[in-house]
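Okay, thanks for coming, everyone. Let me put the structure up and we'll walk through it together.

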Amino acid sequence: MAVPVAVLDCDLLLYGRGQRTLDRFRLEDVTDEYLVATYGFPRRFIRYLVELLGASLSRPTQRSRAISPETQVLAALGFYTSGSFQTRMGDAMGISQASMSRCVANVTEALVERASRFIRFPEDEAAVQGLKEDFYGLAGMPGVLGVVDCTHVAIKAPNAEDLSYVNRKGLHSLNCLMVCDARGALLSAETHWPGSLPDCAVLQQAALASQFENALHKDGWLLGDSSFFLRTWLMTPLHIPETPAEYRYNMAHSATHNVIERTFRTIRSRFRCLDGSKGTLQYSPEKSSHIILACCVLHNISLEHGLDVWSSPATGHVEQPEEEYEQMESMDSEACRIRQELLLTHFS
């Protein structure tokens, strides 16, 4: 009977009886350099997250109530930025690997609940005009409200018979549709699409398309690459440019659209749980989707706090299948007219 008693005693020491909190690790006891190296962010950012998420993380739900919001935030950041539940990290905070996992789940849920607050298109005219001016300043492309693209994040196989998450490389993934502004802040993020869906099919079914089809965002357009169909609200490059104006249009389009590729690299570099170097996300598609969205929220919050240095490409085994697509020819005559008018007005 000695072993069960010892396990029970350790459990009581770890969780208390629903009244104590675990504060073995304190932000004040370590340097900013240590926090950035271990958890990916400086002290002031971590404190902001604790304040932002504290009410959600203090919910009296089973054992997790005994772990302080600060410790939960640190545990989650440690996983997001390293991609693994490291024993030494849990030891430093005084929690087990199982508790680390629960902390990640709690913080992820709290961040997802706040996604619409931090990831959204601006609504007032001044902010919309600012979007366009920022994009125009990059390469002279007018009227741009955002650049759109998809990126794959590897996940574990959800079911041996479920092929919907198998991408073109034969790997299981989620295909994530995102839009960003000129500095890399996300304006839209849909992270739940199965990896078997090509980019054009994802956009066709996405809430993003419905918003633009219903003219919720007027007097402008998104920029997308040739994996998407040309729409009245989505400008794509010309397949075979022939005139100087068409070449200038394609060059400006490419230079502007490149922002989202840099954004993807930044997110993967900062949040190593997404870059594949530690293996796939070991969760169901739904939970994996929430983790990706939580990292997107953190990306935007970090930009708001001035942590906006473009990161170098992530190293590791990034499961990002190259799209093998044919040029998406549009049958939308109005979309063709708008692009032609754009060519004549701004690039001729």
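So, in what order do the strands of the open sheet come? There are 5 of them, in the order 3-2-1-4-5, and the pairing is mixed. Pairing here needs at least two DSSP bridges between two strands, and helices (H or I, at least four residues) and strands (E, at least two) are DSSP runs numbered from the N terminus. At the edges sit strand 3 (186-194) and strand 5, each pairing on one side only. Helix 8, residues 125-139, packs on the sheet and touches strand 1 (144-154), strand 2 (173-180) and strand 3. Its direction makes about 75 degrees with that of strand 1; axes are lines fitted to C-alpha atoms, for helices over the stretch in contact, with angles from 0 to 180 degrees between N-to-C directions.

Quick caveats. This is a predicted model, so local features need pLDDT of at least 70 and side-chain atom pairs 80 or more, while totals for chains, interfaces and linings use all residues. Residues are numbered from 1 along each chain as its sequence is written, and side-chain values use heavy atoms, leaving out hydrogens and water.

Back to strand 5. Strand 4 (residues 221-223) runs parallel to it, joined by 2 bridges, and L223 has M235 as its bridge partner there. T236 is in the loop between strand 5 (234-235) and helix 11 (244-270). Buried or exposed, that T236? Buried, at 1% relative accessible area, where buried is under 20%, exposed over 50%, and partly exposed in between (1.4 Å probe, protein chains only). Its contacts (heavy atoms within 4.5 Å) beyond four places in sequence include F228, Y249 and R339.

Now the core: buried Ala, Val, Leu, Ile, Met, Phe, Trp, Tyr and Cys joined through side-chain atoms within 4.5 Å. The largest one has 93 residues, and Y80, L208 and L281 touch the most other members. Helix 12 (residues 285-304) gives the most, 9 residues. Domain 1 (32-56 + 67-113) and domain 2 (119-283 + 329-347) both contribute, so this core lies between them; the bounds come from an automatic or database domain assignment.

Last, salt bridges: a Lys or Arg side-chain nitrogen within 4 Å of an Asp or Glu carboxyl oxygen. We have 6. D275 and R272 come to 2.4 Å, with D275 buried at 0% and R272 partly exposed at 25%. R337 and E341 are at 2.8 Å, and because they're 4 residues apart in helix 13 (residues 333-347), about one helical turn separates them. E334 joins that pair in a network.
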